[in-house]
Amino acid sequence: MVSHNNDGIFYEIAIDSAKEGSEVWDLNPYFKARVGDSNAALGVRWYNQGLLATFDGKQTPIISGNVGAYSIDAKTKELIMAPDAAVVNYTGTPNDMLPGGRAKYVFPEQMFPKEGAFKGFIGYVDESDGKRRVSGVTVWFKVLPGVAQMGRACDFYINDLDAALVNAKEKMRQAGIDFKAATDSALQDLRTKYQQEAQANQDASETTRTGLLKLADSVGAIQAQIDAGNVVTLIQHNADIKRTSEMIENKLAQMSLVPEAFANADAIKEAYPNGKTGIMVAVDTGHKWIWDNGQWNDCGVYQSSSALLKINTKLFTPDTVPNGYKDLNTFPMNEIVFFSGDAKSILTNLPNDFPDDYVNMSVMTYGFKQAEIDNGTSQTIIVADGERSRMYFRALSRNSKGVQSGGWINDGQDDLKRAVKSDKGLYTEDKLPDELKDFNTYPMNSNISYSGNVVGVIKNAPQDLVAGRYYNMGIFTLSFANSSVVDNGTVQYLSLEWDSNTGVSSATYARAFGRNANGIVAPAWQKLSDNYESGSLSLFSKIGVIGDSFASGCIAADGNGNDRYQISWPQIMGRNCGAQVTNFTHGGANTGLWTTEDYGLSKLNSTDTQDLYICALGINDAAQIAQGKEELGTIADVGSTTSTSFYRYYGDILNAIQAKAPHACVVLTTLTYSPMTMSNLDAMNAAIKALAARFKIPCIDIEHDDFFTSSFYANAIQAEAAHSHPTAPLYAGMAKRIQTLIENDMVVHKNYYDQFPWGHPSLDAPRISTEG
């Protein structure tokens, strides 16, 4: 049964493009609109003959139908729209098509010009298949009466008025009535009534005169206020607006659209202590800084500093190339793809002069966007066969027509000297030339092999390399720029191997360079992968998890959201790693309830101290905030005793944990996509990351993780029930993946976990030096 608020759960309508079942589907239990409503949203999950649809950014939602009066045919029970029902259409954007077959349909104000009903269809246009239109069954819902806004929909009301006049004239003509004569007669009647009213008003003029004198006194008092400067006149108001506009235009004219790059925020403040108009980018965080109100302000992410962290490598042969890798214009971002075999017969959009007889090639697609090829993307092809090699470069962009290529540039040589700088073979420590003793000055488009010590020998190496350790190293310096030294867009990939007590260990790093007026900006190395010194949750004997129904084992099959701790991912994770796990969790919990209910703060304070606390709240907060029942707030709400925001209550929880267990490790997790978080996922995750930074604790990003964005995860969320929850097997998968992500974080933030159990874990803690 659907309740008035669906028990606080977002409605999500499942529609199959096969159009099985009812010819017309009544959406009234789930969705209604009111005249003048703006941006009313409806969530839909698309299927095709029972299979979940997938979207790749080339689909656009569409809405088409009629709005107006309606009737029900007594015999067929069919909903019949009135002849004067308005025709309405709307086309969304590809951003409205979401993972897991989900789509968000936004009904703008002009979709609801009059009360009655909407009858039509919702669907989408699939441009990946020649602009194929996909639609579901016909749907209808009521449009309730309300006060319509005369804005973008004003054309509709004008058309209605014109139609009414034409219809009136036609009816009078058919009845034999002269329109002009009838109009003149009506005007004469109005004139007579007016004269009668005027006479009556004249009789009351003495009474009115007394009132007008009082009004004159009031007007005089108001004028005195204006003269005294206590009231702003329209002329003064317009002059103020003009001065403000001119000031804004002058400021915009001074601003540069090309940002300047600096190593970090301190470098920006040192270079321009008194400010500068424009955008400054701190390369270490990827944040943009703007001078405003006499100080430098952090304005959030300009371009993600972790874009390189999702680089994948794949190897294909002609018989194993999937469809997503047959067109270079649609290759996934930040991947290195290797082909062995005749790639020319399989791939499209290769260089025109691509040789026929090369059998091995690699394609690197890299840029700062994660989802798809966009402005600023670069592609590099290296082909090799025996003693020959060739390198191609191109820059890609995107406009309304799709991906655009500037054309491939060929290095023009069929030998290894161009692509591989180290044509003398392997360098050793005693034969390393000066130009290779600083990673910041390595030659462009070179591949260098080296064996020996790195720390103390080569400058600007990754900070976590160990002094005195003997490394085998390969470094690839790549750029599209026509320069002999590193420049904007230069990328370096560093691969290291060494002997350890457990066998051969390895790690891979990457970084992208920038350049400003002061020279090269070299960011810190980002570790892409490793298979050594992996962390383990077995370090922690007792683990506590703070969460909601997704951490309590609730399954949709119950129909009532019961906690099933034995199948919850925290308990499964505990069985995997051998730790004793305590659930501080409950179905329906949000941050505010957690601080007051028995399963939350009171249980935390009465339970033994844990070694590790994993905080995974926010799903129910997201739903409450979207419905206007809760406030997101700001980081300034942390520590407040009067705010009722998400920031305040989550801050209270983290303060309580650190007070209870000052030597324990604490980890936050972001949210992933669900019907409950679909409308404000970005804002919620930004808040969670800000809280992690405020408390100097790690944050595990599951929003962009391969497992939590997979079809396996999306298909195992039972969205058709009143309570959308994972299945039991999915909880097992979540346990395994969350354990892996935290164990990986124990390497990434080694300095934090090094403080356990004797210190006070903090991301600001100094790194402990180790010898290997």
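## Exercises on salt bridges, a hairpin and a buried threonine

K689 and D701 form a salt bridge, with their closest N and O atoms 3.9 Å apart. K689 sits in helix α12 (residues 681–695) and D701 in the loop between β37 (699–700) and α13 (711–715), so the pair ties together parts that are 12 residues apart in sequence. The model is predicted. The structure holds 6 salt bridges. The exercises start with this pair.

**Exercise 1.** Explain why the K689 and D701 pair counts as a salt bridge, and state how accessible each partner is.

*Solution.* 
- Step 1: Take the cut-off. A side-chain nitrogen of Lys or Arg must lie within 4 Å of a carboxyl oxygen of Asp or Glu.
- Step 2: Compare. The closest N and O atoms of K689 and D701 are 3.9 Å apart, so the pair qualifies.
- Step 3: Check K689. Its relative accessibility is 38%, so K689 is partly exposed.
- Step 4: Check D701. Its relative accessible area is 29%, so D701 is partly exposed.

In general, side chains of opposite charge can pair when their charged atoms come close.

**Exercise 2.** Find the parts of the chain that the salt bridge between R737 and D705 links, then decide whether each residue is buried or partly exposed.

*Solution.* 
- Step 1: Find the pair. The side chains of R737 and D705 meet at 2.7 Å, N to O.
- Step 2: R737 is in helix α14 (residues 728–748), and D705 is in the loop between β37 and α13.
- Step 3: Read the separation. These are distant parts of the chain, 32 residues apart.
- Step 4: Judge R737. At a relative accessible area of 26%, R737 is partly exposed.
- Step 5: Judge D705. Buried means under 20%. D705 has 7%, so D705 is buried.

**Exercise 3.** Describe the hairpin of β11 and β12, and the salt bridge between R132 and D126.

*Solution.* 
- Step 1: Pair the strands. β11 (residues 116–126) and β12 (residues 132–135) run antiparallel, joined by 4 bridges.
- Step 2: Look at the turn. There are 5 residues between the strands, and G130 takes a positive phi near 65 degrees.
- Step 3: D126 stands opposite R132 in β12.
- Step 4: The closest N and O atoms of R132 and D126 are 3.4 Å apart.
- Step 5: Compare accessibility. D126 is buried at 8%, whereas R132 is partly exposed at 38%.

**Exercise 4.** Is T669 buried or exposed, and which residues does T669 contact beyond its neighbours within four places in sequence?

*Solution.* 
- Step 1: Locate T669. It lies in strand β36 (residues 665–669).
- Step 2: Read the area. At 7% relative accessible area, T669 is buried.
- Step 3: List the contacts. Leaving aside those sequence neighbours, T669 touches I614, C615, A616, I688 and I700.

How values were computed
Residues are numbered from 1 along each chain as its sequence is written. This is a predicted model: local features need pLDDT of at least 70, side-chain atom pairs count only at pLDDT 80 or more; totals for chains, interfaces and linings use all residues. Side-chain values use heavy atoms; hydrogens and water are left out. Helices (H or I, at least four residues) and strands (E, at least two) are DSSP runs, numbered from the N terminus. Buried means under 20% relative accessible area, exposed over 50%, partly exposed in between (1.4 Å probe, protein chains only). Contact means heavy atoms within 4.5 Å. Two strands pair if DSSP finds at least two bridges between them.
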